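Me: I have a structure open and would like to go through parts of it. Can we take it one piece at a time?

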Amino acid sequence: MQHAPGDAPSAPAVAPPASAPVDTHCPYCALQCGMGLRPSAVDGGVEVVERTAFPVNRGALCGKGRTAPAVLSSRVRLTGPLVRRPGTGRLEPATWEEALDRVAEGLAATGRAHGRDAVGVFGGGGLTNEKAYALGKFARVVLGTSQIDYNGRFCMSSAAAAHQRAFGLDRGLPFPLADVSRTGCVILVGSNLAETMPPALRYLTELREAGGRLVVVDPRRTRTAEQADLHLAPRPGTDLALALGLLHLVVAEGRVDEEFIARRTAGWEEARAAAMAHWPELVERITGVPVPELRRAVGMFCDAENAMVLTARGPEQQSKGTDTVGAWINLCLATGRAGRPLSGYGCLTGQGNGQGGREHGQKADQLPGYRKLADPDARAHVAAVWGVDPDALPGPGRSAYELLDALGGEVRGLLLMGSNPLVSAPRAAHIESRLRSLDFLAVADVVLSETAALADVVLPVAQWAEETGTTTNLEGRVILRRAAISPPPGVRTDLAVLNGLATRLGWEKGFPTDPEEVFDELRRASAGGPADYSGITYRRIVEEDGVFWPCPDTAGPGTAGPGTADAAGVGADRAPDGAHRPRPGTPVTRPRPVDSAAHPGTPRLFLDRFATADGRARFVAVSHRPAGEEPDAEYPVLLTTGRVLAQYQSGAQTRRVAELNEAAPGPFVQLHPLLAERLGAVEGAPLAVVSRRGRSVAPARISRDIRPDTVFMPFHWAGPGRANTVTNPALDPVSRMPEFKVCAVRVELAED
């Protein structure tokens, strides 16, 4: 990797050996597994050790978490800023002063020439709460643009929208993961938990060991489906019909909880009528799931005293994802499996801070605390915290795909943090052309991703083990990542980057580099909002193994919350660039005892009432409709996409780890032997998967674990095997989620 002049590449500086490892968390998925970091005697870096006391993973880690320190090496990461030189057109080393000056001028010049909304900001679901909050504030206050969204739109937005419609509040799981192993039945829809978050599989194993039943809904027989008592394999894009068919059977078999419906819900008659139009034989024709299997699933779910439905990207990444999740929620409500212990609907959030990332302001329509940007009261509250006029805040902007699609047109300049849309966005070749057409592109990242390689300026930023900050896991548990080492000399934190840009653009105050100071401001901005963090402090998080939101500050308005003190923090050093950096391994806390009257946090939601105006959950009447693109004579096969065990998201980090690449070296096309026979394909032969948007080529992997009418590709790679070259950007009308999980393709033999 390139490095700035005078900044020699080096391994991260390690704190002196301590008696105990530094407690922190994995940088990858939404489990946010607890781990310890201690100095490594092998390469002068750090190594991962078990952290058995953390309740979510209880010490268990997957290969990605165990090898995460490999990306800290200066051999695979950025170690200094890069700028594109006009003379050569190549990215070359630069000083931080030059790089920040170039970014500030590039964004300002775009705004002057084309208007503030010609400047876009694109964030990431892996950013800490502090960074996501500061990025949203920077976009709206400093740049004055409405054009900000983030890649989390591609992950959980349909479930979030369905949560809001039904319950009045979106938190991925309304209960701790520990409850999953104690319920009686789980219907798991569109999640390959065994590969996407392996330490969580133990909860399903414990469920079955205790006598509970597991139903897995997936068009492939995955490692997770192999654990199930019943595997339903619907045609991709028909999960909505499947859920409606199950609800039809619940009604027909007299399994409706009429008392719960009357006491705690609204809208049942309309939802019931819609479900009754989806009789079992019709659902079998649509989904391919036999009627006897539908009846077995209903029996398992309703015979259990307690039951849950958990969804993931399978049903959510569809152009009808919000309605699909809504149908599964209707099933829970109709059977009284919601709003009581050990029962309910939950979404298995995917990205590391996918939950917190959608709560604090980097989403197009949102302000911190999960407040709505269009709400005058919300604008007034947040503007007061920020010290600006509410009328100066821009309104809602474009969603993620719509923002990327507008690049080079109405949006001419872009600041991108922690995302790699050249690989992860649908219709990726088109998005690549949009990125190339920008007047100005700046990327802040830890590695030179495929997207960063297109930038005019690349800013190298610190990683998970080098900075302190909070994330919110899939349970709604706010946890604290703690710095164990210092970043290389030529690397700065994202907060320091935003501080440097804000200063150059006329905002010398309001963008601190101390993450705890940012978190305290976030607490004030979230106070009274749906996602209220005001009673959460760094100290409480450490002492309580995380705190579940909502957690209001019971100390009262204008009073420091429990465990808070001055803004400098404890164990702080001031770096030469002005950034606040805790000494590695130092717990960042505030020396004040936790008040015994402090709000305890909310591990379980909705036990007394739902978060609607009248406290009742809402049924939503939905009906099945086709996918945005159905097979035809030219494109007769369905493509679905997903992840594999050894890689993560766009692969920007995991593809730089040798051990993970050995386990998953590249893309592939999984297809059924019957389809392979029709094509004349053999194992390992290159296959072309062609859609209306482009062509992807990867080796054949022949397996009976997939439907004959469907092929599967993982989406972690760039180049010829980029799965998202062919995926469909058709958007859900509510969540604006693209339809990653189903599109029509033609599969053919490719030349070597």
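This is a predicted model: local features need pLDDT of at least 70, side-chain atom pairs count only at pLDDT 80 or more; totals for chains, interfaces and linings use all residues.

Me: Which residue of S18 is the bridge partner of glycine 413?
Reply: Phenylalanine 440 is the partner of glycine 413 there.

Me: What about S7 and S17, how many bridges do they have?
Reply: Strand S7 (residues 119-123) pairs with S17 over 4 bridges, in the parallel sense. In that pairing, leucine 416 of S17 has phenylalanine 122 opposite.

Me: Is S17 mostly covered or mostly uncovered?
Reply: Mostly covered: 5 of the 5 residues of S17 (residues 413-417) are buried. Gly413, Leu415 and Met417 point one way, Leu414 and Leu416 point the other way, and all are buried.

Me: How many strands are in the sheet, and in what order?
Reply: The open sheet has 7 strands, in the order S6-S5-S19-S18-S17-S7-S8, with mixed pairing. Strand S6 (91-93) and strand S8 (148-150) are at the edges with a single partner strand each, so one side of each has no neighbour in the sheet. On average, neighbouring strands of this sheet are turned by 20° against each other, direction ignored.

Me: Which strands does helix H3 touch?
Reply: Helix H3 (residues 129-143) packs on the sheet and touches S7, S8 and S17. The direction of H3 makes about 170° with that of S7.

Me: And H19, which strands does that touch?
Reply: H19 also packs on the sheet, touching S17, S18 and strand S19 (457-460). The direction of H19 makes about 155° with that of S17.

Me: At what angle do H2 and H19 cross?
Reply: The axes of helix H2 (residues 96-114) and helix H19 (residues 494-504) cross at roughly 60° and come within 9 Å. H2 and H19 are therefore oblique to each other. Their crossing is right-handed.

Me: Which residues make that contact?
Reply: From H2 they are Trp96, Glu97, Leu100, Asp101, Val103 and Ala104, and from H19 they are Val497, Gly500, Leu501 and Arg504. By class, that is 6 nonpolar, 1 polar and 3 charged residues.

Me: New topic. Why is H4 said to be largely enclosed?
Reply: Because 9 of the 11 residues of helix H4 (residues 157-167) are buried. Among them are His163, Ala166 and Phe167. The buried residues of H4 pack against H12, H13, strand S14 (344-347) and strand S26 (617-618).

Me: What follows H4?
Reply: Glycine 168, whose phi is positive, near 80°.

Me: Last one. Where is serine 319, and is it buried or exposed?
Reply: Serine 319 is in the loop between helix H12 (313-316) and helix H13 (321-334). The relative accessible area of serine 319 is 10%, and the cut-off for buried is under 20%, so serine 319 is buried. Leaving aside neighbours within four places in sequence, serine 319 has contacts including Arg625, Ala730 and Glu739.

Conventions. Residues are numbered from 1 along each chain as its sequence is written. Side-chain values use heavy atoms; hydrogens and water are left out. Axes are lines fitted to C-alpha atoms, for helices over the stretch in contact, and angles run from 0 to 180 degrees between N-to-C directions. Helices (H or I, at least four residues) and strands (E, at least two) are DSSP runs, numbered from the N terminus. Angles under 35 degrees count as roughly parallel, over 145 as roughly antiparallel, 65 to 115 as roughly perpendicular and the rest as oblique. A crossing is left-handed if the near helix is turned anticlockwise from the far one by less than a right angle, and right-handed if clockwise. Contact means heavy atoms within 4.5 Å. Ala, Val, Leu, Ile, Met, Phe, Trp, Tyr, Cys and Pro count as nonpolar, Asp, Glu, Lys and Arg as charged, and the others, Gly among them, as polar. Buried means under 20% relative accessible area, exposed over 50%, partly exposed in between (1.4 Å probe, protein chains only). Two strands pair if DSSP finds at least two bridges between them.
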